[in-house]
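Good morning, and thank you for making time for this item. Please have the model open while I go through it, from the overall fold to a few local details.

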Amino acid sequence: MYLLSNEEIKEKVKNRVAKISVIGLGRVGLPLAATLADRGFDTLGIDINEGLVKTINAGESPFEDEVGLADLLKRTVAEGKLVATVSLEERDLNVITVPTLIKEEEPDIDAVFAVANAIKAPQGKVFSLESTVPPLTTERFGEIVAENTGYKPRKDFGMAYSPERIQAPQVLRDLRTYPKIVGGMDEKSGFIVSEIYSCFAPSIIRVSSPVVAEIDKITENAQRDVNIAFANELARICEVYGVDVYEVIKTANSQPYCNILNPGLVGGHCIPMDPYYILSAVEQRGYTANLIKEARRLNEAMVEHVAGMVEGDRVVILGLSFKPDIKTFENTHTLKLIDALKAAHEVVVHDPFLDEEVFEFEVEKDFYKAVEGADCIVLSTAHSVYKKMDWKELKKRMRGDLIVDVRGFFDADDVEANGLKYKGVGRVFSGFR
Ligand SMILES: NC(=O)c1ccc[n+]([C@@H]2O[C@H](COP(=O)([O-])OP(=O)(O)OC[C@H]3O[C@@H](n4cnc5c(N)ncnc54)[C@H](O)[C@@H]3O)[C@@H](O)[C@H]2O)c1
């Protein structure tokens with residue numbers, strides 16, 4: 001496809017003759033593969049996990065909470081548009097969505113390079129890297145393929161970086177509603193990826209190079225991390241003066257150019273991770289990104305700060321998911337909070353989305369059983385079900401009387417009117433009210 005004229009490429013895409021592979025069928029890759037199959041492309045999903053491949057080929061979704069995925073998979077697999085396999089096969093367009101990790105604040109992108117090393121026949125093909133990576137990884141990917149095969153990027157095969165900007169559990173919706181960014185290594189690579197993605201994305205933003213797109217992806221989450229750090233700093237300032245940070249934020253945000261986020265603990269796959277994809281990479285090139293680095297430190301320090309608000313022996317944490325009203329327990333801020341508390345407290349976790357999962361800490365699915373005998377309750381994730389809490393019943397069941405609110409979720413007056421003590425991030429009122 002890479003060696004065809006633009007007119008021939010357009011025809012091949014329009015007639016859905018272009019064949020696609022998606023390498024890495026996780027949270028990101030599988031909904032993308034199903035979307036491409038749904039738009040009529042012959043799509044091969046490739047993953048090293050045999051169990052996962054079997055599940056997909058049975059038309060079943062491995063991600064229960066991903067909205068709409070179960071139906072889409074069932075249909076696209078039944079129609080033969082999406083097939084999963086463990087064997088790598090280079091196709092016209094090859095999308096790479098394998099995992100990348102942060103280990104001790106350093107990026108681990110071995111899975112991306114494992115794919116680069118497995119490519120045997122790149123000629124005429126295009127590779128679109130979509131995993132989150134440090135800047136210049138797409139360039140390095142192309143070099144590895146060239147070193148192994150003798151075929152050259154920009155001459156024999158195309159390469160692009162196209163970041164995944166979606167959020168589980170609404171990946172299908174986000175794919176169809178967010179502009180797709182495409183940074184081709186050359187005009188032809190960008191053209192091919194854009195033509196194919198135009199089949200489902202509402203718009204394409206072509207940027208001048210893969211490195212622009214790589215930095216864009218990191219920037220989107222690093223700016224959120226920095227903005228949350230600002231809100232956390234403001235929360236600490238408000239605690240010193242005994243005023244409500246949410247009152248200050250609401251007041252300040254009435255100015256059209258002011259847009260302060262809410263304070264709290266930062267969890268999830270992206271915001272607390274993505275800044276690390278730039279920090280050491282740019283430092284190796286002689287620049288220290290102090291603001292991004294300090295924002296990370298400040299946000300991480302909030303875990304100890306919240307732990308310091310806790311009193312008593314038995315602490316019940318409400319909410320394990322990394323954001324409200326979804327079931328995703330990996331990389332959550334609550335895990336960090338548990339770590340900070342467990343040496344000095346007996347910790348019990350309640351989450352309405354808990355099922356039969358096994359953890360190293362105590363969990364209780366029944367809310368009122370969980371809070372029985374608690375000295376302190378910490379609201380860590382603002383699941384909407386906690387709004388319906390019966391404070392009187394809670395007070396009866398607790399041994400102590402402290403409510404620690406990490407998210408500014410409860411009405412402090414309400415809590416105190418029920419004979420309980422209230423402390424929140426940016427809302428430490430004692431002695432001032
Ligand atoms: N999960 C998110 O919300 C999100 C959002 C935006 C970007 N991202 C980025 O997208 C990338 C993928 O994330 P994810 O959440 O889908 O990961 P995931 O762990 O859910 O899935 C990755 C899949 O890749 C497979 N895999 C690993 N090595 C492979 C190889 N060599 N060949 C083929 N398959 C292989 C794994 O078996 C797994 O099924 C990461 O870089 C992540 O940072 C994730």
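This is a predicted model: local features need pLDDT of at least 70, side-chain atom pairs count only at pLDDT 80 or more; totals for chains, interfaces and linings use all residues.

Of the 433 residues of the protein chain, 46% count as buried; a residue is called buried if 20 or more other C-beta atoms lie within 10 Å of its own, exposed if 12 or fewer, and partly exposed in between, with C-beta atoms placed from the backbone. Residues are numbered from 1 along each chain as its sequence is written.

The protein chain has 16 helices and 16 strands, where helices (H or I, at least four residues) and strands (E, at least two) are DSSP runs numbered from the N terminus. Its radius of gyration is 24 Å, close to the 22 Å that the globule rule gives for 433 residues, so the chain is as compact as a globular protein of that length. That radius is taken over C-alpha atoms, and the rule is 2.2 Å times the number of residues to the power 0.38. Along the principal axes, the C-alpha atoms fill a box of roughly 75 × 50 × 40 Å.

Next, the domains. An automatic or database domain assignment supplies the bounds: domain 1 covers 6-208 and domain 2 covers 276-424. Their C-alpha centres lie 36 Å apart. The contact between them takes 11 residues from domain 1 and 8 residues from domain 2, two residues being in contact if their C-beta atoms, placed from the backbone, lie within 7 Å.

Which strands form the open sheet of 6? The order is S13-S12-S11-S14-S15-S16, with parallel pairing; two strands pair if DSSP finds at least two bridges between them. The edge strands, each pairing on one side only, are S13 (362-363) and S16 (421-424). Strand S15 (residues 402-405) is joined to S16 in the parallel sense over 4 bridges, and valine 404 stands opposite lysine 423 in S16.

Turning to helix H2 (residues 29-38), 9 of its 10 residues are buried, so the helix is largely enclosed by the rest of the structure. Among the buried residues are Gly29, Leu30 and Pro31. Just after H2, glycine 40 takes a positive phi of about 100°.

Some backbone exceptions also deserve a look. Most residues other than glycine have a negative phi, and most peptide bonds are trans. Glutamate 104, although not a glycine, has a positive phi of about 45°. Glutamate 104 sits in the loop between S5 and strand S6 (106-108) and counts as exposed, because it has 6 C-beta neighbours inside 10 Å. Lysine 103, in strand S5 (residues 101-103), is likewise exposed, with 8 other C-beta atoms within 10 Å.

Aspartate 325 also has a positive phi, near 60°. Aspartate 325 belongs to the loop between strand S11 (314-318) and helix H13 (333-341), and it is partly exposed, with 14 other C-beta atoms within 10 Å. Finally, the peptide bond from alanine 168 to proline 169 is cis, with omega near 5°; proline 169 is found in the loop between strand S8 (158-161) and helix H7 (171-177).
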